[in-house]
Amino acid sequence: MNIGFVGLGTMGGAMCANIVKKHDGQVFVYDMLPERMARLETLGAVVCKSCAETAGNSELIITVLPRTEHVKAAWEEMMPAMSAGKTGIDMSTIDPYASAAIADRIKTETGAQFADCPVVKSKDAAEKGTLGIYAGCEEDVFEKIYPVLLYMGEHVIHMGKNGMGITMKICQNALSHEIQAAVNETLTLAELMGIRIEDFAKAVSYGGAANYYLESKYEAIKERDYSVSFPVEYALKDLEICRRMTETCGFQMPILQHAVSLLKKAADMGLARADNCASIEAVRKGTSLERDGLGKTDLE
């Protein structure tokens, strides 16, 4: 089986590299930036000139793209190359209703199968092939794509029908950033009262408030090292999707709104492309902890 991969950015490039290394068949790749394709070509991938060419050469096609509009455009281009026997997998984080609509159209108009399989964890996990993956598709499709998903992740769970993988990802991201907002506030208070960041993190790990976010980010926060892993602008994009989901359900989430406001404030401070843990600067602003220089952001 040949695999096609479209979107070779921070996460997609690392995920595709694992497929190239572990898969016996050919892997065809496409990205708008030639240098990204060149890196995968050195590993053994076959470079294509378009999304359509990638899909035409492959039985299973994966997309990892930044936003809903990019995913729609890619699958629109690849529609003529889809047919019965082929399977599409979108591993982006986009609007779940848009994803379900793409799936319905591909299945209805081409006879191909489709799954939404967004990922959780960081670039480091993508490089190591230890991502968490949430799948939204029929059970038989999940069984078919499961071995390929295991090239990229170690924790793979079937969440239900099309759209449910992304729905779970959005809920997970919302929870993560609600926790982040709470960490930002309590850590800032602790600092203002004279507690060191490393002591705060260690003490929290002893009790019921222990959390992965603080454990993984306190050193970066201490050093004000906001080198990007998952940027503020992407976190804000995901939480805005969650906010729209709450409107559809007629359900209010005030903690979510607070998390969104902090990310927006961080973006307004010039940190949109910094790592999302830079959102603590939005809480520090106006306190004695505020700094003129916001630290290392690695925004290139």
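Buried here means under 20% relative accessible area, exposed means over 50%, and partly exposed is in between (1.4 Å probe, protein chains only). Strands are DSSP runs of E with at least two residues, and helices are H or I runs of at least four, both numbered from the N terminus.

This is a predicted model, where local features need pLDDT of at least 70 and side-chain atom pairs count only at pLDDT 80 or more, while totals for chains, interfaces and linings use all residues. Residues are numbered from 1 along each chain as its sequence is written, and side-chain values use heavy atoms, with hydrogens and water left out.

**A covered strand**

Let's start with strand E4 (residues 60-63), which is covered on both faces. Leu-60 and Ile-62 are buried on one side, and Ile-61 and Thr-63 are buried on the other. In a regular strand, side chains alternate between the two faces of the sheet.

E4 runs parallel to strand E1 (residues 3-6), joined by 4 bridges; two strands pair if DSSP finds at least two bridges between them. Strand E5 (residues 87-90) is also parallel to E4, again with 4 bridges. Ile-62 sits opposite Phe-5 and has Ile-89 as its bridge partner in E5.

**Rings and a charge**

Rings of Phe, Tyr and Trp (its six-membered ring) pair if their centres lie within 6.5 Å; planes under 30 degrees apart are stacked, over 60 edge-to-face, and the rest tilted. That rule gives 3 aromatic pairs. Phe-230 and Tyr-234 make an edge-to-face pair, because their centres are 6.3 Å apart and their planes are at 65°. Phe-230 is partly exposed at 25%, and so is Tyr-234 at 28%. Lys-237 lies over the face of Tyr-234, 5.9 Å from the ring centre (the rule: NZ of Lys or CZ of Arg within 6 Å of the centre and within 35 degrees of the ring normal).
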